[in-house]
Amino acid sequence: MTETNSAANLNTKNGNFICGVVEGFYGRPWTTEQRKDLFQKLKKWGMDSYLYAPKDDYKHRAYWRDLYTVEEAEHLTGLITAAREYGITFYYALSPGLDITYSSSKEVTALKRKLEQVSQFGCTAFALLFDDIEPEMSEADKEVFQSFAQAQVSVTNDIFQHLGQPRFLLCPTQYCATRAMPNVASSEYLNTLGSKLAQEIDIMWTGPKVISRLLTVESIEEITEVLRRPPVIWDNLHANDYDQKRVFLGPYSGRSPDLIPKLRGVLTNPNCEYGANFIAIHTLAQWSRCNVDGKRDLSLNDTVSADIKLETETEDGVLGEDVPSTLSPNMYHPRQALKNAISEWLLEFNKKKAAWGVIAKPQPCVAPTIPIPIIPSVNTCMSLTSTTTTTVSATPTPVANSNHLQALAEVCSSVTGSDSFIPPSGPVMNSLVSDIKVISEPVLSTLSTSTGLSSIEPMDCNTTPNNSPAHIAKIPAEDDAMVDNTSTCSEASGSMQVEVDGTSPMVNGTQMIIENDSENHESSDNADVVSQEPVDIDKQLTHEDLSLLCDLFYLPFEHGGQGIQLLQEFNWLKSNAYVVMKKSKEEDPTSESDIEEWHLRAAKLNDICNAVNRLFQRLTYCNNRELLYDLYSYVWDMRGVVSLLNSYVKWLGFSNGWKETFMSGDQEPWVFRGGLTADLQRLIPVDSGNDLFVYKAPEVPSSKIYTIRPYLPSDEEAVYAVCNQLNNCTTSSAVADRLIGGFLTLSPELCMVVEDENGVTGYAVATLNVKSYNQKMAVSSIPELRMKYPLDNSISELPQNVQDAIQYFHSFIPDVSEQLCRQHPSKLICGILPSVTDQSICKRLITCVLAALRANGSFGVHTTMSSTDKESHEFYGKLGFVDLNPAHEEYPAIKTMCRSF
C-alpha cells in the first residue's frame, strides 16, 4: 500500500475499525469446534471481532433470563478463552426484547445478572440486540418512559455503566432505512438513540434494507449524522436463513472501500452453514485492507481510474463484468477477491474432517402450509412466497414465452417477502453442551404459529418466536388441520435436524450413511491436517470447479458469470428451437448455418452440464466431509436443474439431421436420466415412485414440444376449455366449476399445466389438505355456484354430467373421511387432451404435482371419480393410484383412488 493512500485506511490500521463475523442468523447455530476454527481464520486474515448472537441458541433470546449451567459455562468460557488467544474480541450478545419489561427493576437485574455471569467467564465486550421485536411498550413501561427508544436507551446505558463501560454494541429495532419511521432523518427513535445513548456505545445498522444490495457513502453519512456516531454495519449480504434453497458463495460486493473511513466497522452475518462461509469472510477481510475501489466508474477523470486497465473476459472465456488485469494490493475488486479466496478455499476441501449425523438444512424449517413456487428443482434460487400469492416473477410473464429457466431467472432476481408467513416452531437449540454438535432442548409448551410477519428476511424470520417463556401463557389453541404436522416437516423441504441417533436414517427415501470418524477420517485433533494420500486426479477438486460452484450460488441480487451464461444459453436455445424443428430445409436458405449454430450452442450447454456433474462428483470424494455436508444438498439440487435443461435441449434438438449424435448408444435422449426426474426421485421414495420415471420413447421423431409449467391466472380460460372438451361440455361450465374451479381459486400454487405451441393441452390441479379445502369451498365458492346454477326444472334438459354437477353444488357436504384425511389428505385431478401423443407427459405432470405436495409436507394423495367411469379409473391406475378400501367409501356412486409417495 502506498504512503499517499494509507491515510484513507487509518481505521483498519489503528485498531478502531471493527471487522469480523456476527453469528446472528435464525436456525441451527454453529458448533463450538466451528467457532474456534473461525477464530483461527479471523486472526490469519487480519480480522478482530466475533459477535455471539445465534437467534435460536437456547439462552440467547427465548430464554435470555436463564443463567448458564456448569457444563454450558465451561463451553462458553472455552470459546471466550480461544478468541482471546487468537486476538479476537468476543462480543457476547443477549436479545431480551421479545418480552422484557424495561421499567421493571427485577427484569433489569436479571439482565445484569446474566451479563455479569458471562463477564466472569472472561468476556470483556457485550451487546444488546433489540431487532425483530414489536415496537410497542407494555402499559407498565408507558407509565415510566416517554418512548420506546427512551426505554431501550435507559436500560442499555444502565447495563453499560454497571459492567464498567466495556466495549458495547447495540442493535436497534429500526436497524435499516426501510424500518426507520417515517425515514432515517426524521425518525424520532433513531434521533433519540443518537442523542441519549452513551457515546461510547456503538450502534449497528444493516443499510438501506435488511439485505442491502448497495451501501453508499451518502447513506452512511446520513445515518451517521442521525446517530451522532459512525455505525457498525451488520451485513446480511451472505445471510441465507430466509431460504432453504439458497446459499451464497460470491465475494463481498456492493460496498466500496471508500466507506471504510466513514464506518465504525463491519460484521458479516453469513450463511447458516459454517463451511459455506469461507468466501464471504475471506473477501470481507480483503476488502477491509483496501482503500481503492477496483470497480470505480471509469468515466471519472482521476488518476486512480486512469491506472485501472480493464479486460472484459474472464479466464474461462465467460463474458462477465469488467475485471482489472492488474490490481495493486490496496485496490479491491470482487472478482479478483473471489479468485484469491478460492485458491485458499481449495485447500479446505482436502482437510480430513468428519461429518456428524445426516445431511440436514440448518435454516428454520418451513411449515408445510407454505407452498414453494412450484418449478420442481428449479427453485434452487427461489425465495418463498405466501400461501395465497405465489409469485413467480416480478412482472407478468407472457404465457407463450414462459419456461422453466425464465422463471428461475425471474425469481432469482429478487428476495420476495410474504405478508402471511407463519414462523415455524422448531426445536429450541443449545450449542454450548457439545464441541461437535447442536443439541435440541425440550420445548416446554405447544408453540403458536399464528404470528404474521412483514417479510421473510435474515433478521426477520421469527419476529416474535413464541417459545419465549413469557409468551407461553398467551398462546391460543391451534385449530387449523393443515398446521398439525408443522414440527415434522418433510425432509424434502429441508427439515432441520439437530441431533440424530446412530442408526442409518432414511432421508428422502435414500439411506444415508452416517460416516464414522474412526473408520473414515482422522480424529478431530488432526482435523486440519491436509491429506497426503494419493488421490485420483479425476476425483480432485480444481480451482475451476470451485469457480463454477461460486458462480452458481453467487449473491442474493446477482448471478455469477457462469450462472448468467447458463441462463443466456438456455433462453437462446429455447427461443430459437424452431430452426431445428423445421421439416424442410428449403424453407429458409440460411437454415443450414442456423441449425449449425443452434447445435454448437447446445453443445456448449452440454459442456456446462458436464462441468456441473464433474463438480458434483468431485465434491462427493473430498476429505472434508463436514464441508461436503454443508454444500451437498445445494449442489445436488443444482445438478438436477442443469441436467433437466440439458435434457430438454437435447429433446428439442432431436431431429433427423441430429439423430446420430444422441443415439450413439451411450445415452437415450428420450429418457430423462437425471435432471428433473433424478431430483424428484429423491423427493418421492423410489419403492413407490419409480413407476413414474419409466417413459416410453417415441418411435418416430416428432417436432412437437410439450412444456410443463406452473399454472398462471391467465391460463384459467384455457384450462376450463380443456376440461370442458374432455367432458364433452359445450353449453355449460358447471362440470369444470365442479372439477377444477375451486383448485384454481384456492390453491393455484399447486396447479400445473401442459402446453404446446397452440396453447394449454392439459392440467393437474391439487390441494394440500382436502378437509381445509372443502371448508373453504363451503364458505366461499359453493354459495356463488348455487346462485350461478339454480336448481330448477330447466336442468332436466341438460346433459347428465351437468345435472350431476348442479346437484353436487346444492347438496355439497364438506365432511371428509377421517381415514382419508390421515393417510391421503391431498387431492388431485388431472386431465390431458387426446391430442397429446407423448405418453410420458402424464407421468411428468403427476410427478411435478406430487413433488410439490411432498415439499409441503404431504405424503398421500387421492382423487375421486364416478364409480362407472372406467376410463378415468384406468388412467389413474397407470399413474400408480389404487382403489380405496370399499369399506371406507362414504358414497357408493363415487370411487376414490389413492397414492402414497
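**Close-up views of the predicted model**

**View 1. Strand β22 meets strand β23.** In β23, D883 finds its bridge partner in M897. This is a predicted model. Strand β23 covers residues 894–900, and two bridges join β22 to it. The two strands run antiparallel. They belong to an open sheet of seven strands with mixed pairing. The strand order is β17-β18-β19-β20-β21-β23-β22. Two edge strands, β17 (707–710) and β22 (882–883), each pair on one side only.

**View 2. The closed barrel has eight strands.** The strands run β1-β2-β3-β4-β5-β6-β7-β8, with parallel pairing. From one strand to the next, the twist averages 25 degrees. Strand β3 (residues 89–94) and strand β4 (residues 125–129) show the pairing in detail: four bridges join them. The bridge partner of Y91 in β4 is A125.

**View 3. D66 sits in a loop.** The loop lies between β2 (49–52) and α4 (70–85). Is D66 buried or partly exposed? D66 counts as partly exposed, at 31% relative accessibility. Neighbours within four places in sequence aside, D66 is in contact with K59 and K114. The C-alpha atoms of D66 and L111 are separated by 9.5 Å. Along the chain, D66 and L111 are 45 residues apart.

**View 4. F278 and W345 form a stacked aromatic pair.** Two values describe a pair of aromatic rings: the distance of the centres and the angle of the planes. For F278 and W345, these are 6.3 Å centre to centre and 15 degrees between the planes. The angle is under 30 degrees, so the pair counts as stacked. F278 lies in helix α10 (residues 278–288) and W345 in helix α12 (residues 334–348), so the pair ties together parts that are 67 residues apart in sequence. F278 is buried, with a relative accessible area of 7%. W345 also counts as buried, at 1% relative accessibility.

**View 5. F616 and Y632 form a tilted aromatic pair.** The ring centres are 5.5 Å apart, with 40 degrees between the planes. F616 is in helix α19 (residues 591–621). Y632 is in helix α20 (residues 625–652). The pair links distant parts of the chain, 16 residues apart. F616 counts as buried, at 9% relative accessibility. Y632 is buried too, with a relative accessible area of 18%.

**View 6. Six aromatic residues form one cluster.** The members are F39, Y50, Y52, Y68, F90 and Y92. Across the model, the count comes to 27 aromatic pairs.

**View 7. Two lysines lie over tyrosine rings.** What sits over the ring of Y26? The charged end of K55 does, 5.6 Å from the ring centre. K539 lies over the face of Y621, at 4.7 Å from the ring centre.

**View 8. Helix α16 is largely enclosed by the rest of the structure.** The helix covers residues 543–552. Eight of its ten residues are buried, so the rest of the structure largely encloses α16. The buried residues are D545, L546, S547, L548, L549, C550, D551 and L552.

**View 9. L566 lies in helix α17.** The helix spans residues 561–575. L566 is buried, with a relative accessible area of 6%. The C-alpha atoms of L566 and C609 are separated by 9.3 Å. Along the chain, L566 and C609 are 43 residues apart.

View 10. The chain has 30 helices and 23 strands. Of its 901 residues, 58% count as buried. The accessible surface of the chain comes to about 37,000 Å². Carbon and sulfur atoms hold 50% of that surface. Among contacts with a separation of 6 or more, 78% come from residues 24 or more positions apart.

How values were computed:
Residues are numbered from 1 along each chain as its sequence is written. This is a predicted model: local features need pLDDT of at least 70, side-chain atom pairs count only at pLDDT 80 or more; totals for chains, interfaces and linings use all residues. Side-chain values use heavy atoms; hydrogens and water are left out. Two strands pair if DSSP finds at least two bridges between them. Rings of Phe, Tyr and Trp (its six-membered ring) pair if their centres lie within 6.5 Å; planes under 30 degrees apart count as stacked, over 60 as edge-to-face and the rest as tilted. Buried means under 20% relative accessible area, exposed over 50%, partly exposed in between (1.4 Å probe, protein chains only). A charge sits over a ring if NZ of Lys or CZ of Arg is within 6 Å of the ring centre and within 35 degrees of the ring normal. Contact means heavy atoms within 4.5 Å. Accessible areas come from the Shrake-Rupley method with a 1.4 Å probe; for residues, only the protein chains shown count as cover. Axes are lines fitted to C-alpha atoms, for helices over the stretch in contact, and angles run from 0 to 180 degrees between N-to-C directions.
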